Amino acid sequence: TLTGTVYDPAGLNPVYNAVVYVPLSLPLPAIPAGAQKDPCGGGGNLPPAVAYAYTGPDGKFTLKNVPSGVNIPLVVQIGKWRRTQMLASVNQCTTTAVPVAQTRLPQNKTDGYQNKADLPQIAIVTGSCDPMECLIKRIGVSTTEFTSPGAGGKVDYYQAYGEPLVGGTNPQPSSLLGSLTTMMKEDLVMLPCDCGSEYYAYGPSGRWSGNYNTFLSNIVSYTSNGGRMFSSHWGRQWLEGGGLSNPFPGVASWVPYNSSGGYDGYDFEGQINTSFQKGADFSTWMGNAGATYAPAKFFINPMRYDTYAVSSAARLWVSYTGWLDYYGSWYSGYFQAPAVFTFDTPLGTTNQYGRVMFTDMHLASGFNSSSFPSECPTGGLTAQEKAAEFLLFDLGACLTNVPPPPPAYYPATFTRDYQGQCPAGQKVVWRFFDWETHTPSDSSIVFKAQTADTQALLPTATPVVTLGTASGAPITTWVGTDVSLALAPNPSRQWLRVTIPL
């Protein structure tokens, strides 16, 4: 038995709903690149496993029936985050705690066994009011993975009015959103708030120049074909169309533009929706991460106001209460509005493959203004950063909780050779072979025998006879077979090999 906790790449916060498994064999099959027309985004087709377990809201796992021995592979995975480590030894009939260094998610694509690991391909358009690139860095992804598009990193860096990537080409958003082919190469597209400058996308203005309707059409096609997308605050235009069109109709009731964006500078109260299982697990996870001050509640600062409500097509994760600047006037008292919601795509269909997340939580508080990565603060994550981390991992995972794959048939064959020593003039007669087995109800152990004059002749000796099979009972105790009778009419020889296929 193996126990441990799966952590984010930084090794700081636990990861919920990650799968931990011992694969039947290595190397692992490649994860398909880019958006996939697959409810699991291409990261849910797990290889045959000898043993597997899923992590709970505390990130902990208990992995039973692990093979004992040396160099046992252990894989941790959620979505397209996948890391393999080789355990030096696993002792039989004991429980071994696996250290965090071997159970965290990968920091880069060489962070694993034989210098290989998997991360999702992420495209981020830097937002001047919500630098989400810093969250990816702060959860532990190496800065070496942040590169210009096509330069080999796992985070493709596009610059709107956010900070530039040091040493990067910093292409405009239009080179991403203007090409569906380019978007489909990404597992996740992030379009955080750019302080309102997104609204000039449909005209030839600055870094958002390009054909706005083409952008919207590509976003709908990308998400409908399995792409995952994140947007925040003024990025609402990619969801409700900025008044020009409606790419995702009926998902939410949007606040008119002139009343959007107010907050009073104080902490808002975020209320986690615990009415569904994953929401309840999210609340527990936030508590385990030290992000809540009361059950299912955490502070949000800063916060924006963009939606009155969401429809049944969406999943509400967090709502909030607080003071709002509404049409230029301050109002106090109990006010509740959606803070974070997701919806699956294509809308209104049975077979859905993509997912979109929208949040009015900003992550910009306390960030420096210079360039990436120096713009990013140090220290622990804020409560809303922790919430965003949980939701980002979930955004790239399966749309629904799929059952884990059945344990793989784990064939193994052992042999034992025995040599008979007789006085001169006497011959060997192999008699009773006895065994005691502990056999799960879905497994069996077979005992076979063959005999030869020398050990070298055993592999090709005939006949090979079956002595017995142990199956269907938890314990089979001391079953005996007379080998000489099983071999008859062939005589016993000096050497006996017992072959035991599991």
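Colleague: How many disulfides does the structure hold?

Modeller: The structure holds three disulfides. This is a predicted model, where local features need pLDDT of at least 70 and side-chain atom pairs count only at pLDDT 80 or more, while totals for chains, interfaces and linings use all residues. Residues are numbered from 1 along each chain as its sequence is written, and side-chain values use heavy atoms, with hydrogens and water left out.

Colleague: What makes Cys40 and Cys398 a disulfide?

Modeller: A disulfide is a pair of cysteine sulfur atoms within 2.5 Å. The sulfur atoms of Cys40 and Cys398 are 2.0 Å apart, so the pair meets that definition. The link is right-handed, with 105° about the S-S bond.

Colleague: What does the pair of Cys40 and Cys398 tie together?

Modeller: Cys40 lies in the loop between strand E2 (19-23) and strand E3 (49-54). Cys398 lies in the loop between helix H7 (383-395) and strand E22 (413-419). The pair therefore ties together parts that are 358 residues apart in sequence. Helices (H or I, at least four residues) and strands (E, at least two) are DSSP runs, numbered from the N terminus.

Colleague: How do you know that Cys129 and Cys195 are joined?

Modeller: Their S to S distance is 1.5 Å, so the pair counts as a disulfide by the definition. At 95° about the S-S bond, this link is right-handed.

Colleague: Why is Cys129 called partly exposed?

Modeller: Buried means under 20% relative accessible area, exposed over 50%, and partly exposed in between (1.4 Å probe, protein chains only). Cys129 has 22%, so it is partly exposed. Cys195 has 39%, so Cys195 is partly exposed too.

Colleague: What about Cys134 and Cys376: buried or exposed?

Modeller: Both are buried. A disulfide joins Cys134 to Cys376, S to S 2.0 Å. Their link is left-handed, with -85° about the S-S bond. Cys134 lies in helix H1 and Cys376 in the loop between strand E21 (354-359) and H7, so the pair ties together parts that are 242 residues apart in sequence.

Colleague: What is the pairing, numbering the bonded cysteines of the protein chain in sequence order?

Modeller: The pairing is 1-6, 2-4, 3-5.

Colleague: Why is Cys93 called exposed?

Modeller: Its relative accessible area is 82%. Exposed asks for over 50%, so Cys93 qualifies.
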